[in-house]
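Student: Can you walk me through this one? I have the sequence and the model open.

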Amino acid sequence: MNDRIPSAFTRRQFLTTGLTLASASLTIPAFLNSSAFGLPRNWWNGTSTPGAPDERILVVIQLGGGNDGLNTVVPYGEAAYYKARPAIGIPENKVVKLSKSPVGLHPALAPLADMYNDGQMSVVQGTGYPNPNRSHFKSMDIWHTADTTATGDGWLGKYFDAECCGFGKGEGGRPEPNPQAGIAIGREAPLAMKGRMVTPLAFESADLFRWTGGDVSRDLTPAYDQITRREAAGTGADPESNAAFLTRTALDAQVSSDTIRRAVAARPRSAYPQSELARQLQMVASMIHAKLSTRVYYVSMGGFDTHAGQGGEQGRHAQLLGQFAAAVKAFYADLKLQGNAERVMTMSFSEFGRRVGQNASNGTDHGTAAPMFLFGPMVKPGVLTQHPSLTDLDQGDLRYNTDFRSVYAGVLEQWMKADSKKILEGTFNPLGVLTKT
Amino acid sequence: MSTQPANSPQTPVPDSVKAAAARNRANPKPITSSMSPLGPKQFGLEEARHLLWRAGFGGTPNQIQTLVSWGLEKSVDYLVNYQQVAGSEPDPKGFRSDIIRPPSAEERAMAQQARRARDEESLARLRVRQQEAERLDREQVRAMQKWWLTRMIETPRPLEEKLTLLWHGHFATSFRTVEDSYHMYAQNNLLRKHAAGSFADMLYGIIRDPAMIKYLDNDESRKGRPNENLARELMELFGLGVGNYTEQDIKEGARALTGYTFRDDEFVFERQNHDTGVKQLLGAKGGFNGEDFVRLILQNRACARFVATKLYRYLVHDYPTGRKGVDEAANSVINQMADGIRRDNYAMGPTIKRLLSSQHFYDPRIRNEQIKSPVQLIVGAARSLNTPVRDLDALLDAAKLMGQDIFFPPSVKGWDGGRSWINTATLFVRQNTLVFMLTGKRPMGRDPLADKEPFDAAPLLTQLADAYPDSASGDPERVIDAILQFAVGRTDAASRDTLEQFVRSHGGRLTPKVITDIMLLITAMPEYQLC
């Protein structure tokens with residue numbers, strides 16, 4: 001054994017004995033490779049690449065269906081608001097007031113008031129884009145691609161590609177794919193995360209990020225392990241062949257699956273409410289706790305398409321907002337307990353807001369500009385941008401005053417330390433999103 | 001990275017295997033670049049199996065055996081000259097062309113009036129109508145995905161569908177932008193019509209194809225303000241490749257394509273929007289139009305080589321790989337193919353036939369070295385293992401999760417293919433898709449019809465016994481060898497031992513249940529991703 005050749009490190013040893021040095025460099029899983037090259041920098045210990053803030057994590061919460069921005073962040077001081085929404089408007093005395101701001105939060109968002117008052121939450125008002133599209137699919141694609149024609153790769157995918165797969169700027173000039181750069185909780189990775197070089201991981205629950213054949217016959221598992229945890233060198237295949245590449249990736253997949261499932265199976269550190277979003281955020285917190293190399297996590301909740309019976313201070317929309325607020329609050333409580341809160345910024349968005357006026361079914365139809373939220377101890381707190389006018393409307397819809405790509409640009413530049421011009425393929429004045437960068 | 005073999009006492013690799021691997025690496029046998037046909041005696045089970053996978057989506061043991069009995073020439077002729085084989089007409093479902101259509105004069109007038117009168121209710125009604133059409137059209141494109149996947153699984157002309165899929169990735173056009181399913185369908189038929197035919201006809205067809213015109217914005221290109229998108233891709237991605245044209249050629253080519261647009265479902269040449277002026281294009285000068293532009297591309301030496309490379313990478317091997325010996329042979333074969341394609345005036349059939357008959361194509365280092373595309377994996381399992389199809393929606397979803405959503409390629413560059421299909425996430429999806437096809441087990445829950453539609457291993461065993469007589473005795477070791485040979489194209493001691501051990505610990509008999517279990521394990525092998 002020669003410990004001066006750090007590349008000497010096999011997967012099997014990683015699997016069985018951890019960081020034991022041995023030979024057979026060809027069989028090192030791609031994403032363990034660099035760690036082995038420079039043993040001090042082990043991704044599973046969360047040590048960062050010099051010059052890139054690997055420790056920083058972005059969590060994106062997608063609110064699907066078009067969240068009603070005006071009943072989320074309420075302009076309670078304006079008569080026009082109550083005039084347009086006689087049945088569903090939030091009474092002024094129920095609104096959670098925000099200091100130094102003419103707008104307040106829906107009462108269901110009360111759990112977030114502490115975060116707001118502690119300076120851990122910001123509201124970006126009036127986000128949207130030119131020529132708003134009111135189709136769920138199209139508008140969601142526009143938000144995902146950061147492109148108003150809704151074409152091209154996802155904005156986070158382009159971030160992974162530009163920043164060498166979200167794993168630092170690449171060492172020795174060679175990009176180095178990090179297969180865990182992005183994790184989406186859901187069946188399918190969102191378009192936002194799809195780039196050229198990295199396919200993000202996606203699973204509804206960590207238990208699904210594995211082979212399901214063992215569920216058919218449990219006693220298949222030992223044989224399956226033998227077949228998929230082989231060393232490429234042991235197969236006699238040419239190490240540059242696709243056969244050897246597949247054997248290596250199969251072993252990577254097993255390691256990745258083990259790591260993630262172990263992380264998520266760990267005993268919860270704090271209590272979470274019962275909701276789908278809370279379940280997802282709890283998984284994310286567990287993976288952060290387990291020091292995965294993941295830079296971006298993506299979670300989502302749906303149901304915001306409230307065309308009928310939306311409710312006001314109570315009702316369907318209130319329930320959704322309540323779940324959202326309680327889940328985010330529990331998530332940051334967990335992160336604080338872990339000592340990881342400072343590493344995590346969370347951003348929420350929806351594909352569009354809703355029309356100013358309520359419709360005949362006491363609901364709201366597809367609209368335009370709406371607020372985004374940012375959470376975390378380091379965000380620039382408060383209401384960051386102007387509230388859009390309720391009287392100067394565009395065909396009954398709010399006019400956006402903040403291009404959502406300015407928010408992306410701010411998050412990319414200031415939080416992720418990435419080149420937003422390259423990633424967003426355009427210049428968007430980055431919104432200041434951090435207290436200090 | 002060191003190329004020394006593993007030399008660790010902890011690594012459980014037999015010395016003989018290591019020695020062989022070291023020998024292979026030190027002294028790799030060069031791949032032949034000969035395009036001469038394989039000798040008739042050399043076309044055995046492995047070669048026939050290889051041909052079925054590459055010129056199609058794999059075959060059953062019976063089909064493999066049939067090709068062996070036919071011999072190389074007849075087999076290749078059957079697969080490539082597929083017009084001789086009766087096939088279904090391409091429009092069995094009667095897809096609607098009128099879901100997305102231009103508004104009638106009456107509708108236009110109504111909308112105009114509503115806008116002028118600020119009649120919010122009428123405008124909202126119009127919006128709803130539009131959204132309803134879009135919803136129907138999304139349903140139709142889903143139906144088209146199912147139709148095509150089914151066609152690939154059932155066709156008696158596998159190469160026709162396989163090449164149609166190649167050209168779909170080559171002339172990549174996505175419904176996401178086209179937003180008219182019927183245009184996607186019409187393009188699919190255009191590509192199928194010329195799939196193994198004339199590349200020239202396909203290229204002439206594509207500049208008049210409404211889906212492509214929409215996808216690359218040529219409907220917005222007119223004299224005085226040409227849109228360069230189609231002109232650029234016509235050279236960069238469709239016909240010549242980077243480095244064989246200049247930025248000036250793009251500008252001039254775009255002028256030649258002005259006025260090439262469509263109305264409803266038909267190509268339209270708008271004379272008044274066409275720039276008739278003199279252009280300097282690809283070394284020629286004249287008042288060129290779109291057809292002239294295509295002709296100049298076809299006359300360019302780079303074009304035939306570009307097409308040959310595309311066919312080679314799809315049917316034979318990755319190129320370039322940066323691997324010594326591999327790239328040299330590939331390069332030589334591609335040159336020979338390009339010469340053939342030029343000689344035949346872009347008729348591709350003869351060159352494809354020659355390729356699929358060549359010694360190069362059957363070289364052991366070419367076989368079992370191609371990573372199956374997601375569609376190849378799914379269609380291949382259905383066709384070669386005869387698994388139930390179960391649920392087309394589930395299979396299409398799976399293909400999408402693996403990175404290949406037909407009619408929705410990720411960009412005009414199509415799918416990168418090869419190793420880009422594989423990562424830790426897609427590998428599990430691949431394995432689990434096969435679990436679903438074999439057993440009905442979904443990632444969550446179970447197909448309610450799973451037990452009504454079990455995977456029937458009996459025909460597979462019977463056919464294997466016919467094709468691989470060694471396995472006829474039913475001796476588990478022999479049968480396992482035959483299954484491995486059939487399913488992954490090779491056997492190795494370690495896998496055989498694992499599977500044998502499994503059979504022994506399950507009563508030692510190859511019951512249908514045990515065979516299904518064995519297939520679950522084999523389809524989870526890294527090698528199963530190759531063909």
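**Domains, helices and a sheet**

Tutor: Chain B is assigned domain 1 (301-357) and domain 2 (458-529), with bounds from an automatic or database domain assignment. This is a predicted model: local features need pLDDT of at least 70, side-chain atom pairs count only at pLDDT 80 or more, and totals for chains, interfaces and linings use all residues. Residues are numbered from 1 along each chain as its sequence is written, while chains are lettered from A and ligands numbered from 1 in the order in which they are written.

Student: What separates the centres of domain 1 and domain 2 of chain B?

Tutor: 36 Å, taken over C-alpha atoms.

Student: Next, helices. At what angle do H4 and H17 of chain B cross?

Tutor: Roughly 140 degrees, and the axes of H4(B) (residues 72-80) and H17(B) (residues 349-357) come within 10 Å. Helices are DSSP runs of H or I, at least four residues, and strands are runs of E, at least two, numbered from the N terminus. Axes are lines fitted to C-alpha atoms, for helices over the stretch in contact, with angles from 0 to 180 degrees between N-to-C directions.

Student: So what do we call that arrangement of H4(B) and H17(B)?

Tutor: H4(B) and H17(B) are therefore oblique to each other; under 35 degrees is roughly parallel, over 145 roughly antiparallel, 65 to 115 roughly perpendicular, and the rest oblique.

Student: Change of topic: in what order do the strands of the chain A sheet run?

Tutor: S2-S4-S3, three strands in an open sheet with antiparallel pairing. Strands pair if DSSP finds at least two bridges between them.

Student: Which are the edge strands?

Tutor: S2 (73-74) and S3 (96-97) of chain A, each pairing on one side only.

Student: And what is the bridge partner of Val74(A) in S4(A)?

Tutor: Gly104(A). S2(A) and S4(A) (residues 104-105) are joined by 2 bridges.
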